[in-house]
Amino acid sequence: MSEDTAVDTAVDTRPTKIMYVAEATAHGGRDGYVTSQDGQIELKVAMPPQMGGDGNGTNPEQLFAAGYSSCFHNALVLVGRRSGFDLTGSTVAAKVGIGPNAQRGYGLAVALSVSLPVLDQDVATKLVDAAHEVCPYSNATRGNIDVTVLLG
């Protein structure tokens, strides 16, 4: 489908009006817990074993993957509905990778896998590309991290 690069910076995707603000607080970083202001989230956070932790909790990459996949799927359903398609049965899975970057910090990479089993490839591709333009996570990450969208 598509892969973001640093050249995609000309379009201003900032909100013109804030409709909702989510609040969460981390206690103890990657070996602690996170809570949301409304009490809906109370999760233990732990480093994954691949990064030297015990893995006895969720981690920020899993939370990002959950947020991105659900947001992208909602954008996909929205653009599908606008185009007259019922996307019942469609799914979006996200893989979020983390690793060292060239600046001695860490960076992320995302792979989104989209399943649209009832649509032909051309229609599915157009809807996925449109969703990638609508999704707030896609707009926030565009030009900042590699995002690959796979249609399968």
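Asn59 sits in the loop between strand 4 and helix 1, where helices (H or I, at least four residues) and strands (E, at least two) are DSSP runs numbered from the N terminus. This is a predicted model, so local features need pLDDT of at least 70 and side-chain atom pairs count only at pLDDT 80 or more, while totals for chains, interfaces and linings use all residues. Residues are numbered from 1 along each chain as its sequence is written, and side-chain values use heavy atoms, with hydrogens and water left out.

Let's stay with Asn59 for a moment. Its relative accessible area is 8%, so Asn59 is buried (under 20% relative accessible area; exposed is over 50% and partly exposed in between, with a 1.4 Å probe and protein chains only). A polar atom of the Asn59 side chain lies 3.0 Å from the backbone nitrogen of Glu61, and the side chain also reaches the backbone nitrogen of Gln62 at 2.9 Å. Not counting residues up to four places away in sequence, Asn59 touches Arg30, Val45, Ala46 and Pro48 (contact means heavy atoms within 4.5 Å).

Now look at Thr58, in the loop between strand 4 and helix 1. Thr58 counts as buried because its relative accessibility is 17%. Its side chain makes a polar contact with the side chain of Gln62 at 2.7 Å; such a contact is a pair of N or O atoms within 3.5 Å, and within protein one must be able to donate a hydrogen and the other to accept it, with residues adjacent in sequence counting only if both atoms are side-chain atoms. Leaving aside neighbours within four places in sequence, Thr58 is in contact with Leu43, Lys44, Val45, Ala46 and Leu63.

What about the interior? The largest nonpolar core has 25 residues, of which Phe72, Leu76, Leu112, Val114, Leu116 and Val128 touch the most other members. A nonpolar core is a set of buried Ala, Val, Leu, Ile, Met, Phe, Trp, Tyr and Cys residues joined through side-chain atoms within 4.5 Å. At least two residues of this core come from each of helix 1 (60-82), strand 5 (91-100), strand 6 (106-115), helix 2 (121-134) and strand 7 (146-151). Helix 1 gives the largest share, 7 residues.

Finally, visit Arg104, in the loop between strand 5 and strand 6. Arg104 is exposed because its relative accessible area is 82%. Most residues other than glycine have a negative phi. Arg104, although not a glycine, has a positive phi of about 70 degrees.
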